[in-house]
Amino acid sequence: MFEIGTYVLYGANGVCKIEGKTTDKIAGEEREYYVLAPAGITGAAIMVPADNQALLAKMKEIISGDEISRLIEAVKKSPLIWENDNKKRNELFGEILARADRKDIMLLIRSILIKKKELALSGKKLTLSDDNMLKRAEKLINDEFAVALGIESGAVPDFIREKMSVAE
């Protein structure tokens, strides 16, 4: 199903390289597992049971460059997501990150960046929780887009902001 050595997006864990497959005996039951190495985390491994369809469904192929362009265009045309109540907004953003839907994460990033720009005009800043959500969302997107576009992860935010016409 998945090839060893390729990269996948694994839910909220972000980009992972499929390092291999292994068989392990846990609680007396022998199972085959995919061994995933999260990008940017040395020595970490995620074991995904090869027979667990719910967990395998979280393993998605890395998006292509053309899909990135289409995604950015779709997000530019979508209404912003913003909840004025901090607690509700935190819950909403947390749910979006947990679902790991690329379009929703991109929309979350765009919404926070636009809000950040609006606040800056009046001498204010984002709340710490909004800033943390932005960082988490950007990490998920940056790692995947970097692999897909063949660029450094640090160059992705400027790439996205330029394409979405959202300057900091």
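Predicted model: local features only at pLDDT ≥ 70, side-chain atom pairs only at ≥ 80, totals over all residues.
Me: What makes up the protein chain, and in which pattern?
Reply: Helices (H or I, at least four residues) and strands (E, at least two) are DSSP runs, numbered from the N terminus. The protein chain has six helices and five strands, and along the sequence the pattern reads β-β-β-β-α-β-α-α-α-α-α. The C-alpha atoms fill a box of roughly 60 × 35 × 30 Å, taken along the principal axes.

Me: How do you know that strand 2 and strand 3 pair?
Reply: Two strands pair if DSSP finds at least two bridges between them. Ten bridges join strand 2 (residues 15-26) to strand 3 (residues 29-38), so by the definition they pair. They run antiparallel, and Ile-26 stands opposite Glu-29 in strand 3. The hairpin has two residues between the strands, and Ala-27 takes a positive phi near 55° there.

Me: How many bridges join strand 3 to strand 4?
Reply: Four, with the strands running antiparallel, and strand 4 covers residues 46-49. Leu-36 has Ile-46 as its bridge partner in strand 4, while Val-35 has Met-47.

Me: Why are strand 4 and strand 5 said to stand at the edges?
Reply: The five strands form an open sheet in the order 4-3-2-1-5, with antiparallel pairing. Strand 4 and strand 5 (59-61) each have a single partner strand, so one side of each is left without a neighbour in the sheet. From one strand to the next, the twist averages 50°.

Me: What makes a residue buried, and what share of the chain counts as such?
Reply: Buried means under 20% relative accessible area, exposed over 50%, partly exposed in between (1.4 Å probe, protein chains only). Of the 168 residues, 39% count as buried.

Me: How do you know that the buried residues of helix 6 are on the same side?
Reply: In helix 6 (residues 156-164), the buried ones are Val-156, Pro-157, Ile-160, Arg-161 and Met-164. They cover an arc of only 130° around the axis, which puts them on the same side of helix 6; the arc is that of the directions from the helix axis to the C-beta atoms. The face turned away from the buried side carries the exposed residues Asp-158 and Glu-162.

Me: What do the buried residues of helix 6 pack against?
Reply: They pack against helix 2 (65-77), helix 4 (102-121) and helix 5 (128-149).

Me: Why are helix 2 and helix 5 called oblique?
Reply: Their axes come within 9 Å and cross at roughly 135°. Axes are lines fitted to C-alpha atoms, for helices over the stretch in contact, and angles run from 0 to 180 degrees between N-to-C directions. Angles under 35 degrees count as roughly parallel, over 145 as roughly antiparallel, 65 to 115 as roughly perpendicular and the rest as oblique. Helix 2 and helix 5 are therefore oblique to each other.

Me: Which residues make that contact?
Reply: Gly-65, Ile-68 and Leu-71 of helix 2 and Phe-145, Ala-148 and Leu-149 of helix 5, where contact means heavy atoms within 4.5 Å.

Key: Residues numbered from 1 in each chain as written. Heavy atoms only, no water.
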